[in-house]
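Work through these exercises with the structure open beside you. Try each task before you read its solution.

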Amino acid sequence: MKHTLVLSLFLLFFSVILNAQIALSENGKAVGRIVLSTGDSIDLQAAELLQDFIRQISGAELPIITQDHKEIRKTRKNDIIIGNGTLNQDIITEDITEDGFRIVTLSHRVHIVSGGGHGSAYAVVTLLEQYLGVSYWGEKEYSFTPTETIILPNINITENPGFRYRQSQHYALSTDPIYKLWNRLKNPDEVFAANYWVHTFDKLLPSAVYGTDHPEYYSFFNGKRQPGQASQWCLTNPDVLEIVTARLDSIFKANPDKHIISVSQNDGNFTNCQCDQCKAIDDYEEAYSGSLIHFINKLADRFPDKEISTLAYLYTMKPPKHVKPHPNVNIMLCSINSDREVSLTENASGREFVEALEGWSKISDNIFVWDYGINFDNYLVPFPNFHILGDNIRLFKKNNVTMHFSQIAGSRGGDFAEMRTWMVSKLMWNPAADSDSLMQVFLNGYYGDAAPYLYSYHKIMEGALIGSGKRLWIYDSPVSHKEGMLKPALMRRYNALFDRAEEAVSNDSVYLKRIWRSRLPLQYSELDIARTERDMDVNAIEEKLNLFEQRVKMFKVTTLNERLNSPLDYCALYHTRYMPTEEKPLSLGAKVKFLVAPTGKYAEMGKITLTDGLYGGMTFTEGWIGWEGIDGSFTLDLGCQQQFTTITTDFLHQLGAWILQPLNVTYSISDDGENFQEVKSIDNPEDKDSQVKFVEITYVSDKPLKARYIKVDVTGTKICPHWHYGVGHPCWFFIDEVIVK
Ligand SMILES: [Zn+2]
């Protein structure tokens, strides 16, 4: 009796195991089928994705049985049934959220149901990744182990996304639809009405249309109304509410399938309205977000079945003290001013953001966090923030964040762009995932035998960054870290690790090219640091420059930074601007005396930098001397009377950093350093180009000039014009060098 019971239990257990198994293919022949339980297009997409990969893995083509098929009522053993239709009605779906899914085996069949959205397609991705060994790394870059027989074990999994909206950046998002699906990412235009998702004030109430007749619709500060595409609204003006309501109404009517729209400040800081009414609200709320949330709440009440998203960014980052955003107000909170060498809770700039996040999370459970894992000025520079990704994402999750944009340098050649998007996508889906394990999985899968060397590279750099005590800033130059994580002794180790990585996969051109592409940020950093060194090894740099140029062409790297400067232009510029020349200008080492001194720390630095013979790079953070909101004036002392024909001042043009070109430069000469004679006054036109550039303002005299002293008077733009983000606020001009020849 006892033996029989044990035997029966054993047989029962064994038959459960056997019954649970589902054969999809045997010896390259289809055994299972894919059955669609609905006519839904996402379910069809899921079925086709599954069919395609099973074909690639096993050679077997599983039939897709659609709704109109005569056999649709009769499911069979080994079927995979996709969709929330009647064939799957026994599977519970109540606990599945949008884009989430359940995969469960019952009676020799696999059932896939979803919580709507892309859930069924994402379920197929999980099935392929976890049970069929497919990994999708990058643009049409994926791997699997071929096998003619595919048998699935018993499956019972349910997954819901960590965030209802997940957005990141990567070049393959626009070129490879499977890449986007696989990483479970969304584009703003799929969700936000008319793709109005950020900085929409000037689109909704264009200053070009209303500014002249109704300056009162726009911000009042510095004593006047400031209509302009970068200024903000007077949020207490009742007409503004009415006009914007009408605009939203027409946009929602034209986009009936969309549920959310952004009504958000233009880019720029402290351009908000400070009229008596707006200021009174902000004072009461003890935050500039006060008048904004009062306004957005009124707007949200007009559209009770829609969501209005607004920015908590720069001057509005801090939450209001009294008013609470209505439930259909979405707060898009941005961590732009936080440094990234450690997680957000670990440094002062991060804690300021965390305080704002916790404040918003007390009054809203509808928060969108826009986080930055990018160096905007240098995409091709190491940005070792991988170690903080998990902690930061879990912090957002804990604080009611439901939507998340992880902005990263996802362009071609961007620092480990493929791994970066892969890791943030995995973490946005599952915030509990471990960053370090994810990194190792990616490195092993994407670089093969080179993985251990690249893992060491990342870990050494992570330690070097933290150990250096320097911040990791989103506007760094490689030069910012030349005495820290990019110092010569470390650069030698990084290069040695990359050499060994290349050696390890030298017989596999796919892996090797991936390593070459991932090495670009190290190469660019070496070049950019070398231009600041006096003892440049010209031949070695020439060689490195040529290799870099060859590789950026090979990998079609078109941009170095947010301002779309091209790497090939950089290479060309390097030859003309940074390579040492035989001819030494008369101005080299000339003593500088300021009549109108540069701003702050630059007054001291400028005494050497302006005549050191070294040109500055594309970020103002090194090699440049700045004046803010004022004109500039200084003299050069050439030591004794000299003969020359050319005077040049080199300016930086970088609108994103509020660095505008001057309006005028006037050159004068003198022998005693007191009585100057003007030789040329040069007006300089306004320039709205968003690219970073270097602008030389040069006077060439017909006949040689003789003088010991040269005076340079610069008339700055001083106040940012109406078209600029900083409208109404002081702007800078920056000079790296004055050259006299
Ligand atoms: Zn106002």
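**Exercise 1: A helix and its cover**

Task: Find which residues of H3 are buried.

Solution: The buried residues of H3 are Gly 119, Ser 120, Ala 121, Tyr 122, Ala 123, Val 124, Val 125, Leu 127 and Leu 128. A residue is buried if 20 or more other C-beta atoms lie within 10 Å of its own, exposed if 12 or fewer, and partly exposed in between; C-beta atoms are placed from the backbone. Helices (H or I, at least four residues) and strands (E, at least two) are DSSP runs, numbered from the N terminus. This is a predicted model: local features need pLDDT of at least 70, side-chain atom pairs count only at pLDDT 80 or more, and totals for chains, interfaces and linings use all residues. Residues are numbered from 1 along each chain as its sequence is written.

Next, look at the cover. It includes helix H2 (41-58), strands S5 (79-82), S6 (101-106) and S7 (109-114), and helix H4 (177-182). Last, step past the end of H3. Gly 133 follows, with a positive phi near 70 degrees.

**Exercise 2: A tyrosine in a strand**

Task: Which residues does Tyr 699 contact, leaving aside neighbours within four places in sequence?

Solution: Start with the strand. Tyr 699 lies in S25 (residues 693-715). Its contacts are Ile 647, Tyr 667, Val 679, Lys 680 and Ile 682. Take Val 679. Tyr 699 and Val 679 are 20 residues apart in sequence and 8.8 Å apart in space, C-alpha to C-alpha. Then count around Tyr 699. With 17 other C-beta atoms within 10 Å, Tyr 699 is partly exposed.

**Exercise 3: Positive phi in a loop**

Task: Where is Asn 400 found?

Solution: Asn 400 is in the loop between helix H12 (389-398) and strand S19 (401-408). Check its backbone. Phi of Asn 400 is positive, near 65 degrees, though the residue is not glycine. Asn 400 is partly exposed, because 18 other C-beta atoms lie within 10 Å.

Key
Contact = placed C-beta atoms within 7 Å.
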